[in-house]
Structure formats: C-alpha cells, structure tokens
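I opened this notebook to record what I looked up in one protein structure. The entries follow the order in which I consulted it.

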Amino acid sequence: MASVVASRCWGLLLPASLAGVRRRSSPSSSLRLRPRRGQRRPRTLACVATPDSAEPQTDEQAVKSESTEEEAQTSSTPQDAGPPPLPNKDLNRRVALLSTLGAVALFASQRLDLGQASLKDLAANAVSYEEALSNGKPTVVEFYADWCEVCRELAPDIYKIEQQYKDRVNFVMLNVDNTKWEQELDEFGVEGIPHFAFLDKEGNEEGNVVGRLPKQYFLENVVALASGDPSIPHARVVGQFSSADSRKVHQVADPRSHG
C-alpha cells in the first residue's frame, strides 16, 4: 500500500517524488488507494500547499487584527489643538450693528415698496385741493373713503403712477366722509368711489373714471394731462365701485386736511 503525505492546504495529491516534502508517520495521513484494473498504480503521493495559501484566522484573531488597525488609525489622527478662540467683542458689536441696520433697511424698503402702498400713503403725498387749483398744473382728484374696498385695492397701482408724474400733475385726495367736501361731491357728481376727476391746468374737468378698471385707463389719462393734450382717451368710464351713500359723515377740525 502506498503512503501519502497530507498537507493543510488545498489538498492536492501529487507523487511524493514531486512534492519534495518529508513523510509523516501519523496514521491519519495514510490513504488506501485502489487502482482501477488496467491502470498503473501511482507511487507515493503528497499534498502540496499552494504558495499563496495561509493558515485561516480564528474569530478571536480577526477581532484582534481589526482592533490593532483601529488603534493605528487613531494614533495617526492629529489631536485637537484645544478649544476654539473666543470671538472678538468688537467684531460681535459690528455684527450686531450691521444686523440692526439691515433690519431697519428691510423694514423701510418694505414700507416704501410701491406694491405695499395704502390709501394713507396716497393721502400723505397728496397736494391740497386749494394749491392744485392755483399752481397752473393739470390735476387728478380722487374721491375715496377708508372703508372702500375698491379704493384700497387700487391704491398700489395709483401710487406707482403718481410717483412717475407728480412733478407735472397734481394728485389730490378728498375723503367723502368729510363734510368739508360736500360741495365738491355735488359739483363732480360723485355717486360711487373711487371717483377720479381729470382737470386741465385751468381746473376744467375733462372727464372722469369711476370704480375698478384696468390700470391702463388711469395711466393713459394721466399721460394725456402731463402732455397737455386737449382731451383724455377715457373721459367717461365706470367699473365696479363702492356706493357713496355708505358715507360715514364727519367734520374734520383742521380745514387744511385732505381727508
């Protein structure tokens, strides 16, 4: 019976003459080989390990290996240089000041934003009715009320146009709730608001626009006045309006008030 050499590797069996390893006398390394009939029985065989084979690691060895690698990585990481430096007090003051100025500027820009203009803004920038009749400029007189929803809705667009043409055209605001303007209400035939009366530079009415209408109607009439045209393109136009009969009549103490 031929003896063979066992190796802890891939278990390849080769003739002992090629294996070049010494034989072990352990009984577990011997194998009985029964040759087939008609074939030549091979000589002594041996198990040869491949060059790149290695002993398999146990779980404990694998854990120790990983721990060693983590310790090596940790030791290579630079240590913290200490707590960060405290912020400069002067820098903090500057940042706080800039933040305050930014907030004030933002508030002012929003307050003065043309898209946020209100009836109060229009009234604050309006020319007095008496001055408008005497300064030789064409005039737009708006009859309004604080409770008028259409008036409030149109205020931003009206404000934009006024800012463009206020140097050439007077813009007057008359509050229908003020009994001071009873005569003007009758004179211009105000039945609904907002009521826009367009006057030439002599104070003669060329036409009026009442209620909610496209901004273009108001703009084209103002352009005609600023250009000195003999007439306005929209002389009698009426849209959705608030009834002047809903007036909350009161007397304003200051006779110079526009309201």
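The entries below go from the whole chain to single residues.

**Entry 1. The whole chain**

I noted at the outset that this is a predicted model. I counted eight helices and 10 strands in the protein chain. The chain has 259 residues, and buried residues make up 32% of them. I then looked up the surface: the chain exposes about 17800 Å², and carbon and sulfur atoms supply 51% of that area. Turning to contacts between residues at least 6 apart in sequence, I found that 78% join residues at least 24 apart.

**Entry 2. The largest nonpolar core**

I reminded myself that in soluble globular proteins, nonpolar side chains tend to be buried together. Which residues touch the most other members of the largest nonpolar core? The core has 46 residues, and those that touch the most other members are Val140, Val141, Phe143, Ile193, Phe198, Phe218 and Val222. I listed the elements that each supply at least two residues of this core: α4, α5, β4, α6, β5, α7, β7 and α8. The largest share comes from α6, with eight residues.

Leaving aside neighbours within four places in sequence, I found Val140 in contact with Val169, Asn170, Phe171, Val172, Phe196, Ala197, Phe198, Phe218, Val222 and Leu225. Three of the names in that list, Phe198, Phe218 and Val222, also stand among the core residues that touch the most other members.

**Entry 3. Helix α8**

I looked up the dimensions of α8. This helix has 13 residues and reaches 18 Å from its first C-alpha to its last, close to the 18 Å expected at 1.5 Å a residue. Which residues of α8 are buried? They are Phe218, Asn221, Val222, Ala224, Leu225 and Ala226. I related this list to a general point: an α-helix has 3.6 residues a turn, so residues three or four places apart point the same way. What covers the buried residues of α8 includes β4, α6, β5, β7 and β8.

After α8 comes Gly228, and I recorded a positive phi for Gly228, near 75°. For context, most residues other than glycine have a negative phi.

**Entry 4. Ile193, Pro194 and His195**

I found a cis peptide bond joining Ile193 and Pro194, with omega about 5°. I set beside this the general point that most peptide bonds are trans. Pro194 lies in the loop between β6 and β7, and His195 is in strand β7.

Is His195 buried or exposed? His195 is buried, because its relative accessible area is 3%, under the limit of 20%. I also listed what His195 is in contact with, leaving aside neighbours within four places in sequence: Val141, Glu142, Phe143, Phe188, Gly189, Val190, Asn208, Val209 and Val210.

**Entry 5. Ala132**

I placed Ala132 in helix α5. Ala132 is buried, with a relative accessible area of 3%. Leaving aside neighbours within four places in sequence, Ala132 is in contact with Val127, Lys137, Thr139, Asn170 and Val172. I also checked a distance: Ala132 and Leu199 are 67 residues apart in sequence, and their C-alpha atoms are 9.8 Å apart in space.

**Entry 6. Salt bridges**

Side chains of opposite charge can pair when their charged atoms come close. How many salt bridges does the structure hold? I found two.

In one of them, Glu153 pairs with Arg212, and the closest N and O atoms are 2.6 Å apart. Glu153 is in helix α6 and Arg212 in the loop between β8 and α8, so that this pair links distant parts of the chain, 59 residues apart. Glu153 is partly exposed at 43% relative accessibility, and Arg212 is partly exposed at 28%.

In the other, Glu182 pairs with Arg247, the closest N and O atoms being 2.9 Å apart. This pair also links distant parts of the chain, with Glu182 in helix α7 and Arg247 in the segment after β10, 65 residues apart. I recorded Glu182 as partly exposed at 28% and Arg247 as partly exposed at 26%.

**Entry 7. A nonpolar surface patch**

Lastly, I looked up a patch on the surface. Leu97, Leu98 and Leu101 make a nonpolar surface patch of about 320 Å². Leu97 is in helix α3. I recorded Leu97 as exposed, because its relative accessible area is 51%, over the limit of 50%.

Notes. Residues numbered from 1 in each chain as written. Predicted model: local features only at pLDDT ≥ 70, side-chain atom pairs only at ≥ 80, totals over all residues. Heavy atoms only, no water. Patch = residues over 30% accessible without salt bridge, like charges linked within 9 Å, V, L, I, M, F, W, Y side chains within 5 Å. Areas by Shrake-Rupley, 256 points an atom, 1.4 Å probe, with all protein chains shown as cover. Salt bridge = Lys/Arg side-chain N within 4 Å of Asp/Glu carboxyl O. Helix = DSSP H or I, 4+ residues; strand = E, 2+ residues; numbered from the N terminus. Buried < 20%, exposed > 50% of the residue type's maximum accessible area, 1.4 Å probe, protein only. Expected span 1.5 Å × (residues − 1). Contact = heavy atoms within 4.5 Å. Core = buried A, V, L, I, M, F, W, Y, C linked by side-chain atoms within 4.5 Å.
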